[in-house]
Amino acid sequence: MSLNSVDGGPAPEGLCLVTGATGYIGGRLVPELLAAGRPVRCLARAPQRLRDHPWAGRTEIVRGDVTDAASVARAMRGVEVAYYLVHALGSGEDFEETDRRAARVFGEAARAAGVRRIVYLGGLTPVDVPERELSPHLRSRAEVGRILLDCGVPTTVLRAAVVLGSGSVSFEMLRHLTERLPVMVTPSWVRTRIQPVAVRDVLRWLVGSAGMPADVSRAFDIGGPDVLTYREMMIRYAAVAELPPRLILPVPMLSPGLSSHWVGLVTPVPASIARPLTESLRHEVVCREHDIARWLPDPPGRPIGFDEAVRLALRRVRDADVATRWSSASVPGAPSDPLPTDPDWAGGSLYSDHRELTVDASCAALWRVIEGIGGENGWYSFPLAWAVRGWLDRLVGGVGLRRGRRDAARLRVGDSLDFWRVEEIEPGRLLRLRAEMRLPGLAWLEMYAETDGSGATRYRQRALFHPHGLLGHAYWWSVSPFHAVVFGGMARNIARAARAGDGPARPAPAQGPASRRTSSRRFLSRLLRSSAR
């Protein structure tokens, strides 16, 4: 991860700057650009979160924030094409102002650095709807596009509606609503017409836009070949996934606010993210043109249709081959402070709960259990307590316990893991998780697989909490009586699982409905065994 070109050395020819590389689209765009022969530099607030991506060693990764003019200017040095793939959605009531300021900083820095082209992925807006009537989400996306088009650098603005791909927020919302509810009472927006697009086509257009002629500076509508209502999308998803037919009953009185809580209840998508998405579905979003084909002709079979996009996404999910997920991006408002390394941390109190056990298993067997924790594999102690904590978190607007895992057996830095995020991983030795649930303080959970001086395998577990104010101290002391059950049981059950060789195996490719039901029965059995211990 060289920084030479940023620090004053020559930049490689054709260099592309990618913002939002820790997010869903950006994390998939980088390897596509590399495959197309383009050198890549990534701008990230937390560069360490990109460390374990398979392409990280072939890119430059620089620290910075799109709202910080100095860091953006440094990142723009020697860049030919700059991708703007960030937004402030969910960061607070003033997110539109943050988006506006960031777009201006980015455009001004690109012009000053002599960047040849900016490429921006925005949202498809409805026809003949005044901008003041759009959802704040769509209104801000449209404004960012205008700011970039007016900055003096040739700009390609790609406007997409629902993006379908394994791990995308739109796909996960559709998947969980359809799979979990055979009979649905739904909001009226399920009758809104939408033109979904496959993530593979979005990436193809993003990569191709880098080579557009200098005299092309405009917005393009991008979409797949199918125009469907959300109701039709759920019906067709059920057919592709080989589920029984779904009964869908629209109810007009469900407001966007209520329907976002309904989505949050049924799917892993929290209400804070679901609300702007559902508000955007009030209006029809259908492409008015397909002019991009004049510069980037569609190959045979493209754009990909809805059924094929769902089939491809499901195959990736079932093969545990999901490169990025909607939860890959940071959760607005979640703690981002790294674990303090000074044991006498000057920042204030640091409460801890320590557990340590000798394990009658190899260090490798113990590590498989540690790395496989969470998601469908569970947390190895008192499942009801973990579930209740997840529900409470969602009730106060947090992410809850249902984000699951990107991969059933392997983790990397930056992965979301239920209501945790992987802050550090030393394969075979250490997994450190940082809490992203709503708390009056900062929390971490560490798990170690080690060998002592006599050659015995040792499991070491440490939960840490840095309280904020009196409420934080009260929170720790109110939950500490339960630590023996939750954390003590967790340590014992992880040791038992390692001894029994119960670490997760990578799933067999392309499971069908019958094997998914078998997997669910195994998971339920594991929960019952864990509860009984």
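Author: Buried here means under 20% relative accessible area, exposed means over 50%, and partly exposed is in between, using a 1.4 Å probe and protein chains only. This is a predicted model, where local features need pLDDT of at least 70 and side-chain atom pairs count only at pLDDT 80 or more, while totals for chains, interfaces and linings use all residues. Residues are numbered from 1 along each chain as its sequence is written, and side-chain values use heavy atoms, with hydrogens and water left out.

Reader: OK, is Leu312 buried or exposed?

Author: Leu312 is buried, because its relative accessible area is 13%.

Reader: Which helix is Leu312 in, and what is it in contact with?

Author: Leu312 sits in helix α10; helices are DSSP runs of H or I with at least four residues, strands are runs of E with at least two, and both are numbered from the N terminus. Leaving aside neighbours within four places in sequence, Leu312 is in contact with Arg200 and Ile304, where contact means heavy atoms within 4.5 Å. Leu312 and Leu164 are 148 residues apart in sequence, with 9.5 Å between their C-alpha atoms.

Reader: Switching topic: how many helices and strands are there in the protein?

Author: The protein has 15 helices and 19 strands. Of its 533 residues, 55% count as buried.

Reader: What order do the seven strands of the open sheet come in?

Author: The order is β3-β2-β1-β4-β5-β6-β11, with parallel pairing. Two strands pair if DSSP finds at least two bridges between them. The edge strands, each pairing on one side only, are β3 (60-63) and β11 (218-221). From one strand to the next, the twist averages 20 degrees.

Reader: Which helices pack on the sheet?

Author: Helix α3 (residues 95-113) does, touching β1, β4 and β5, and its direction makes about 175 degrees with that of β4. Helix α6 (residues 199-209) packs there too, touching β4, β5 and β6, at about 155 degrees to β5. For those angles, axes are lines fitted to C-alpha atoms, for helices over the stretch in contact, and angles run from 0 to 180 degrees between N-to-C directions.

Reader: And α7, which of its residues are buried?

Author: In α7 (residues 230-240), the buried ones are Tyr230, Met233, Met234, Tyr237, Ala238 and Val240. Seen down the axis of α7, they fall within an arc of 165 degrees, so they line one face of the helix; that arc is taken over the directions from the helix axis to the C-beta atoms. They pack against several elements, including α5, β8 and α10.

Reader: What about the largest nonpolar core, which residues have the most contacts inside it?

Author: Those are Trp379, Leu431, Met447 and Ile494, in a core of 41 residues. A nonpolar core is a set of buried Ala, Val, Leu, Ile, Met, Phe, Trp, Tyr and Cys residues joined through side-chain atoms within 4.5 Å. Helix α14 gives the most to this core, with eight residues. Apart from it lies another core, of 39 residues, among them Leu124, Leu181, Ala238 and Ala309.
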